[in-house]
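Biologist: I have a structure I would like to go through with you. Shall we take it one question at a time?

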Amino acid sequence: MILYLHPENPEIRKLKQISERLKDGAVYIFPTDTVYAIIADAHSKLGVEKIYAIRKLSKDKPLSLMCKDISMASNFIEYLPNSAYRLMKRVTPGPFTFVLKANKNLPKPSVAHHRDRQIGIRIPDHIYLSELLKIHDSPLTSTSAFCDDEFIIDIDDLETIYGNQVEGIIDGGIVKTELSTILQINDDSIDLIREGKGYELVSSEISNT
């Protein structure tokens, strides 16, 4: 089912309904500042399992954790070096995934099958997700909407492929196929895993580490 939100002032009532459904294990598809993402409440075992099933992912395939800000993200990170904190403060919200070591507070459904307890943190710059995260006040587990080796960027294609598997698909129009830039945060370095959208904003920090 395709759902519509106001592009500048998303309806709080609708977002609250989505939040409650997420807590009960529902899965939605939302546009992000990169591609469309399949999301679930990070604390919901049912929701996380649905994502793995929908995408036919191996259980050891890590999913990203979407947070509303650095403060929320820090609750689940074992250690955040000052250099990484300054970088995150400067470029978030934005199209970046920061891979860090998770602490014991990380929602168990999101790392139950992971071996190294590494987690990718995203603070997305999209009004629908930003407003949802303010209301939901809990991290979301996510993965890209991807099928047959292609990212699904058209709302009608999303409905055809996933319409009967998710609670709702939020219409964000046709999005560009732009992946997030992935950065590995270590104790003394910031390493590039994947160059993507926004790379030019962080390239100097990477080259100097």
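Biologist: Is Cys-67 buried or exposed?

Modeller: Bear in mind that this is a predicted model. Buried means under 20% relative accessible area. Cys-67 has a relative accessible area of 0%, so Cys-67 is buried.

Biologist: And which class does Cys-147 fall into?

Modeller: The cut-offs are under 20% for buried and over 50% for exposed. Cys-147 has a relative accessible area of 23%. That value lies in between, so Cys-147 is partly exposed.

Biologist: How many disulfides does the structure hold?

Modeller: A disulfide is a covalent bond between the sulfur atoms of two cysteines. The test here is a pair of cysteine sulfur atoms within 2.5 Å. The number of disulfides in the structure is zero.

Biologist: Which residue in E10 stands opposite Ile-29?

Modeller: E2 also pairs with strand E10, residues 168-170. Here the sense is parallel, over two bridges. The residue of E10 opposite Ile-29 is Ile-169.

Biologist: Now the pocket. Which strand gives the largest share of the lining of the largest pocket?

Modeller: The volume of the largest pocket is about 670 Å³. It is lined by 30 residues, and the closest to its centre are Pro-62, Ser-64, Thr-143, Ile-182 and Arg-194. Strands E3, E4 (64-66), E5 (96-101), E6 (118-122) and E7 (140-144) each supply at least two lining residues. The largest share, four residues, comes from E6.

Biologist: How many residues of that lining are charged?

Modeller: Sort the lining of the largest pocket by residue class. Twelve residues are nonpolar and eleven are polar. The number of charged residues is seven.

Biologist: Last, helix H2, residues 45-55. Which residue follows H2?

Modeller: H2 has buried residues at Gly-47, Val-48, Ile-51, Tyr-52, Ile-54 and Arg-55. The residue after H2 has a positive phi, near 55°. That residue is Lys-56.

Terms used. Residues numbered from 1 in each chain as written. Predicted model: local features only at pLDDT ≥ 70, side-chain atom pairs only at ≥ 80, totals over all residues. Heavy atoms only, no water. Pairing = 2+ DSSP bridges. 1 Å grid on protein atoms, 1.4 Å probe; cavity = no way out; pocket = protein on both sides within 12 Å on 5 of 7 lines; lining within 4 Å. Points joined across faces, edges and corners; volume = space filled by probe spheres on them. Nonpolar A, V, L, I, M, F, W, Y, C, P; charged D, E, K, R; others polar. Buried < 20%, exposed > 50% of the residue type's maximum accessible area, 1.4 Å probe, protein only.
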